[in-house]
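User: I'd like to learn how to read pockets, salt bridges and aromatic pairs in a model. Could you walk me through them with an example?

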Amino acid sequence: MISAYATFVRPKEKEMPYYITTVGNPKYQPPIFRPNGLNDHMFLYVVSGEAVGYIDGREYKIEKGMMIYTPPGVEHNYHMKENYGETWYLNFNGHGLCDFLGYNALVFKIDENYDVVAKNENFVKLREDPQEYRNTSKALYSFILD
């Protein structure tokens, strides 16, 4: 399993309706403070540990198996309660995503039968091949729908 992955976005990818900007897997999630949010949409999935998150001024308890969604520009910060905890993050963008996903941050529990880790590992594999940008866009759209 990888520890982190980030890369630049290729011009062909930006032509797609959905594209990944970064995907990663911090084995030990450091504290994050983003008063101005990100330029991209973000999903953060908690693989292990427990976090406290502050999103758009509200406090959330985020446990293993939960996910955070933040649209661009939404203030968010979080930290693991016990100085350990593994996460997967997926930052992405594309035409019309705010209209599709909405403008509000969300914190929600993922069905235990849905393998978020496998989906993110697949994004890493797809992202490594520049010719896979169409399949990456399709896989991201499917992930968002799920």
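User: Which residues line the largest pocket?

Analyst: On a 1 Å grid over the protein atoms alone, a pocket is an open set of points where a 1.4 Å probe fits, with protein on both sides within 12 Å along at least five of seven lines; a lining residue has an atom within 4 Å of a point. Here the lining consists of Phe43, Met67, Tyr69, Leu101, Leu106, Phe108, Ile110, Asp111, Tyr114, Phe143, Ile144 and Asp146. Strand E6 (66-70), strand E9 (106-109) and helix H4 (133-145) each give two or more residues to that lining; helices (H or I, at least four residues) and strands (E, at least two) are DSSP runs, numbered from the N terminus. This is a predicted model, where local features need pLDDT of at least 70, side-chain atom pairs count only at pLDDT 80 or more, and totals for chains, interfaces and linings use all residues. Residues are numbered from 1 along each chain as its sequence is written, and side-chain values use heavy atoms, with hydrogens and water left out.

User: How many of the lining residues are nonpolar, polar or charged?

Analyst: Ala, Val, Leu, Ile, Met, Phe, Trp, Tyr, Cys and Pro count as nonpolar, Asp, Glu, Lys and Arg as charged, and the others, Gly among them, as polar. In this pocket, 10 are nonpolar, none polar and 2 charged.

User: Now salt bridges: which residues are linked in a network?

Analyst: We look for a side-chain nitrogen of Lys or Arg within 4 Å of a carboxyl oxygen of Asp or Glu. The whole structure has 4 salt bridges, and Arg10, Glu13 and Arg127 are linked in a network of them. From Glu13 to Arg10 the closest N and O atoms are 3.6 Å apart, while from Arg127 to Glu13 they are 2.9 Å apart.

User: Are Arg127 and Glu13 buried or exposed?

Analyst: Buried means under 20% relative accessible area, exposed over 50%, and partly exposed in between (1.4 Å probe, protein chains only). Both Arg127 and Glu13 are buried. Glu63, which bridges to Lys61 at 3.2 Å, is partly exposed at 35%.

User: And what kind of aromatic pair do Phe123 and Phe143 form?

Analyst: Rings of Phe, Tyr and Trp (its six-membered ring) pair if their centres lie within 6.5 Å; planes under 30 degrees apart count as stacked, over 60 as edge-to-face and the rest as tilted. There are 8 aromatic pairs by this rule. Phe123 and Phe143 are edge-to-face, with 5.6 Å centre to centre and 85° between the planes. Phe123 lies in helix H3 and Phe143 in helix H4, so this pair ties together parts 20 residues apart in sequence. Both residues also belong to one aromatic cluster with Phe43, Tyr69, Phe92 and Tyr114.
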